[in-house]
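Please open the model in a viewer and keep a selection tool at hand.

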Amino acid sequence: MDIIPLEGGKQIKVDIWFGTREAIASIRTICSHIENMITGVTKGFKYKMRFCYAHFPINVSTSTVDGKEIVEIRNFLGEKQTRRIALLDGVNYVRTADVKDQIEISGIDISKVSLSCAQIQQSTAVKHKDIRKFL
């Protein structure tokens, strides 16, 4: 496998000769990672998340502990427990001012931004209840 910069670093050429199916699939994965890195540095990635609730208003805030930013979720389904999710390095949290109950998670690394959003979503999974009624 060869990764060759072309035209003074403006383009990258990824070659494989006589590649198997798995090797060609890994080449495509490498190309996708390179494209995501270029997009992250030039534009960045932004995920928007909304709070959905029927009765108990969810309170989401952020705090900093030991230099790490932590998202705190309170009053989820009326529970007293506070859920704390530590954001990964390079991930920013912004509470949207113009849209009610919306946060924006942004950064230059798509895997860190998406993992932070997934951790926030998974921390609020409703277990042992019917979500049609208790959400």
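Which residues form a nonpolar patch on the surface? In this predicted model, select Met-1, Ile-3, Ile-12, Ile-16 and Ile-24, which make up that patch and together have about 460 Å² of accessible area. Begin with Met-1, located in the segment that precedes β1 (2-6). Met-1 counts as exposed because its relative accessibility is 57%, and the threshold for that class is over 50%.

**Two residues with positive phi**

Next, select Phe-18, in the loop that joins β2 (11-15) to α1 (21-42). Phe-18 is not a glycine, yet its phi is positive, at about 55°. Most residues other than glycine have a negative phi. The relative accessibility of Phe-18 is 84%, so this residue counts as exposed.

Move on to Asn-75, in the loop between β5 (68-74) and β6 (83-86). Asn-75 is likewise a residue other than glycine with a positive phi, here near 60°. Is Asn-75 buried, partly exposed or exposed? Its relative accessible area is 27%, so Asn-75 is partly exposed; that class covers values between the 20% and 50% limits.

**The largest pocket**

Now display the largest pocket, which holds about 370 Å³ of space. Its lining comprises 16 residues. Select Arg-50, Cys-52, Phe-76, Gln-121 and Thr-124, the lining residues that lie nearest the centre of the pocket. Then colour β3 (45-50) and α2 (110-123), each of which contributes at least two residues to the lining. How is the lining divided by class? There are 13 nonpolar residues, two polar residues and one charged residue.

While α2 is on display, select Ser-111, which belongs to this helix. With a relative accessibility of 42%, Ser-111 counts as partly exposed. A distance label may be drawn from Ser-111 to Arg-74: their C-alpha atoms are 26 Å apart, and 37 residues separate the two along the chain.

**Salt bridges**

How many salt bridges does the count give? The count comes to eight.

For the next stop, select Lys-13 and Asp-15, which form a salt bridge whose closest N and O atoms are 3.7 Å apart. Lys-13 has a relative accessibility of 37% and therefore counts as partly exposed.

Proceed to Arg-95 and Asp-101, whose side chains meet in a salt bridge with an N to O distance of 4.0 Å. Why does Asp-101 count as buried? Its relative accessibility is 12%, and buried means under 20%. Arg-95, by its value of 37%, counts as partly exposed.

The last pair to select is Asp-130 and Arg-132, joined by a salt bridge in which the closest N and O atoms lie 3.1 Å apart. Asp-130 counts as partly exposed at 35% relative accessibility, whereas Arg-132 is exposed, with a relative accessible area of 76%.

Key: Residues are numbered from 1 along each chain as its sequence is written. This is a predicted model: local features need pLDDT of at least 70, side-chain atom pairs count only at pLDDT 80 or more; totals for chains, interfaces and linings use all residues. Side-chain values use heavy atoms; hydrogens and water are left out. On a 1 Å grid over the protein atoms alone, a cavity is a set of points where a 1.4 Å probe fits but cannot get out, and a pocket is an open set with protein on both sides within 12 Å along at least five of seven lines; lining residues have an atom within 4 Å of a point. Grid points are joined across faces, edges and corners, and a volume is the space filled by probe spheres set on the points. Helices (H or I, at least four residues) and strands (E, at least two) are DSSP runs, numbered from the N terminus. Ala, Val, Leu, Ile, Met, Phe, Trp, Tyr, Cys and Pro count as nonpolar, Asp, Glu, Lys and Arg as charged, and the others, Gly among them, as polar. Patches are made of residues with over 30% relative accessible area and no salt bridge: like charges are joined within 9 Å, nonpolar side chains (Val, Leu, Ile, Met, Phe, Trp, Tyr) within 5 Å. Accessible areas come from the Shrake-Rupley method with a 1.4 Å probe; for residues, only the protein chains shown count as cover. Buried means under 20% relative accessible area, exposed over 50%, partly exposed in between (1.4 Å probe, protein chains only).
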